[in-house]
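Morning, everyone. Please look at the model on the screen while I talk you through a few of its features.

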Amino acid sequence: MLVVTRYTVPAGEAAEFQELCRAAVEVLVACPGCTGASAGPALDDPTLWVLSSSWESVGAYRRALSSYQVKLVAVPLMYRALDEPSAFESLLSWTPQGGLHEEESAIGSVAAAAADGERAG
């Protein structure tokens, strides 16, 4: 699972925002199930920042959000995020160690189960 949050950061606040991102990355990667995190500004627009993290599962991400440290450090930062979808499935991934890996879509199976439930009801 991939979580991507974007932020608009005035130029004069970039250094302070970077420190907030550093703290958020540190607490997120300390959570079980986090497989990586990064943050930084867009090359074409330095007032647009992104914080991304990857997770073993939706459950691992949700459990991390209920961690005291994440609530204290990362969640206040995330409240500043642009209001847009931020959680994504990772259907295709590549690593130097494992090559290309493809996953089944959980979204498709959830939608199919919901449709089956509607037909049965």
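I will cover salt bridges, then a surface patch, then a pocket.

Some ground rules. This is a predicted model, where local features need pLDDT of at least 70, side-chain atom pairs count only at pLDDT 80 or more, and totals for chains, interfaces and linings use all residues. Residues are numbered from 1 along each chain as its sequence is written, and side-chain values use heavy atoms, with hydrogens and water left out.

Salt bridges come first. Side chains of opposite charge can pair when their charged atoms come close. Here, a salt bridge means a side-chain nitrogen of Lys or Arg within 4 Å of a carboxyl oxygen of Asp or Glu. How many salt bridges does a search of the whole structure find? It finds three.

Take Arg 6 and Glu 84. Their side chains meet in a salt bridge at 2.5 Å, N to O. Arg 6 lies in strand β1, residues 2-8, and Glu 84 in the loop between α3 (68-78) and β4 (87-88), so this pair ties together parts that are 78 residues apart in sequence. A word on those labels: helices (H or I, at least four residues) and strands (E, at least two) are DSSP runs, numbered from the N terminus.

Are these two residues buried or exposed? Arg 6 has 31% relative accessibility, so it counts as partly exposed. Glu 84 is also at 31%, and it counts as partly exposed. The cut-offs are these: buried is under 20% relative accessible area, exposed is over 50%, and partly exposed is in between, with a 1.4 Å probe and protein chains only.

Next, Glu 13 and Arg 80. This salt bridge is 3.4 Å, N to O. It links distant parts of the chain, 67 residues apart: Glu 13 is in the loop between β1 and α1 (14-29), and Arg 80 is in the loop between α3 and β4. Glu 13 is partly exposed at 33%, and Arg 80 is partly exposed at 37%.

Then Glu 19 and Arg 22, bridged at 3.3 Å, N to O. They sit three residues apart in helix α1, so about one helical turn separates them. Glu 19 is partly exposed at 43%, and Arg 22 at 41%.

Now the surface. Leu 91, Leu 92, Trp 94 and Leu 100 make a nonpolar patch of about 470 Å². Patches take residues with over 30% relative accessible area and no salt bridge, joining like charges within 9 Å and nonpolar side chains (Val, Leu, Ile, Met, Phe, Trp, Tyr) within 5 Å. Areas come from the Shrake-Rupley method with a 1.4 Å probe; for residues, only the protein chains shown count as cover. Leu 100 is in strand β6, residues 99-102. With a relative accessible area of 64%, Leu 100 is exposed.

Back to strand β4 for a moment. Phe 88 lies there. Phe 88 and Leu 2 are 86 residues apart in sequence, yet 5.1 Å apart in space, C-alpha to C-alpha.

Last, the largest pocket. On a 1 Å grid over the protein atoms alone, a pocket is an open set of points where a 1.4 Å probe fits, with protein on both sides within 12 Å along at least five of seven lines; lining residues have an atom within 4 Å of a point. Seventeen residues line it, and Met 1, Glu 56, Glu 89, Ser 90 and Glu 103 lie nearest its centre. Which element gives the most to the lining? That is α4, with three residues.
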